[in-house]
Every structure is written in C-alpha cells, then in structure tokens.
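Me: I'd like to learn how to read a structure one feature at a time. Can you walk me through this one?

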Amino acid sequence: MYPVEEYPEGVIDDTEAVTFEKWFEEKAVCIVNGAAGIYVPQEFAEGRTMDEWHVDPEDATILLEGPEHKYYWDVWDTVLSNAYCVNPKDGKTHRLHQDDDLFAVPDMPQ
C-alpha cells in the first residue's frame, strides 16, 4: 500500500481505493434518460422542483423553454456546474453529472 498522499485523486483512505468511477457506479441514480437528446435539460427542469436543486428561477424558465432559447446551452452548463440537492432523508448532497444520461450523484466522502 502507498501512503494516502501518494494515491491518485478520488481515493478516500488507505484501506480501499475508491475512485469516482466506482463511487458513481454504486451510488449514481439516473434521473433523465439520455434518449431525450437535446431535451435532457428541459426534461430535468420539467420533472424536478428547481428550488430543491438550487437553480436560479430565471435559469429554470430558460430550460423550460427548450433548446430554441438563445441561452439554453449556456444556462445548462451553469446548472450542471452549480446545481445541488440535499436529500431530506439522509442529509446527503447530490450533484448532477451528465454522460448522455443525467445522473444525481451523492458527494464522495472526504
């Protein structure tokens, strides 16, 4: 075993190497199917309470308008980078991750 400081980024302790990929595989929840294509951001906005995801109301309105809106993709980049939701049952913070499908992923323990 290497000392903790020599592990690659994403490792949470020196007893088991847990990468983001492993964490993602075990914990991520698909919230919008990537088959929606350019409408994934719009479906996200339609199917969730934007307040719970801490999305600015103006940004939510733009996403709801769909890909025809001039700032749709700029707003989506902002939402992907900044949106988070705290699960009221366990207090864990979830963030968005898009890889075709859109996922809610709990923060990795530090």
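Reply: Buried means under 20% relative accessible area, exposed over 50%, and partly exposed in between, with a 1.4 Å probe and protein chains only. This is a predicted model, where local features need pLDDT of at least 70 and side-chain atom pairs count only at pLDDT 80 or more, while totals for chains, interfaces and linings use all residues. Residues are numbered from 1 along each chain as its sequence is written, and side-chain values use heavy atoms, with hydrogens and water left out.

Me: How many helices and strands does the protein chain have?

Reply: Helices (H or I, at least four residues) and strands (E, at least two) are DSSP runs, numbered from the N terminus. Here there are 4 helices and 4 strands, and from the N terminus they run α-β-α-α-α-β-β-β. As for contacts (heavy atoms within 4.5 Å), take those between residues at least 6 apart in sequence: 47% join residues at least 24 apart.

Me: Next, the core. Which residues have the most contacts inside the largest nonpolar core?

Reply: A nonpolar core is a set of buried Ala, Val, Leu, Ile, Met, Phe, Trp, Tyr and Cys residues joined through side-chain atoms within 4.5 Å. The largest one here has 21 residues, and Phe44, Trp53, Val79 and Leu96 have the most contacts inside it. At least two residues of this core come from each of β1 (29–32), α2 (40–47), α3 (57–65), α4 (72–82) and β4 (101–106). The biggest giver is α4, with 4 residues.

Me: What does Trp53 touch?

Reply: Leaving out residues up to four places away in sequence, Trp53 touches Ile31, Phe44, Arg48, Ala83, Tyr84, Cys85, His94, Arg95, Leu96 and Ala104. Ring pairs also link Trp53 with Phe44 and Trp76 into a cluster.

Me: How do I read an aromatic pair?

Reply: You describe a pair of aromatic rings by the distance of the centres and the angle of the planes. Rings of Phe, Tyr and Trp (its six-membered ring) pair if their centres lie within 6.5 Å; planes under 30 degrees apart count as stacked, over 60 as edge-to-face and the rest as tilted. The structure holds 3 such pairs. One of them, Tyr72 with Trp73, is edge-to-face, at 4.9 Å centre to centre and 80° between the planes. Tyr72 is buried, at 0% relative accessible area, whereas Trp73 is partly exposed at 41%.

Me: Gly66 makes me curious about its contacts. Which residues does Gln42 contact?

Reply: Gln42 is in helix α2 and counts as buried at 14% relative accessibility. Setting aside neighbours within four places in sequence, Gln42 contacts Leu63, Leu64, Glu65, Gly66, Pro67 and Tyr72.

Me: How should I read a polar contact?

Reply: A polar contact is a pair of N or O atoms within 3.5 Å; within protein, one must be able to donate a hydrogen and the other to accept it, and residues adjacent in sequence count only if both atoms are side-chain atoms. Here one of 2.9 Å joins the side chains of Asp107 and Arg95. Asp107 lies in the segment after β4 and is partly exposed at 33% relative accessibility.

Me: Last one: how many disulfides are there?

Reply: A disulfide is a pair of cysteine sulfur atoms within 2.5 Å, and a search of the whole structure finds 0. Cys30 is partly exposed at 40% relative accessibility, and Cys85 is buried at 14%.
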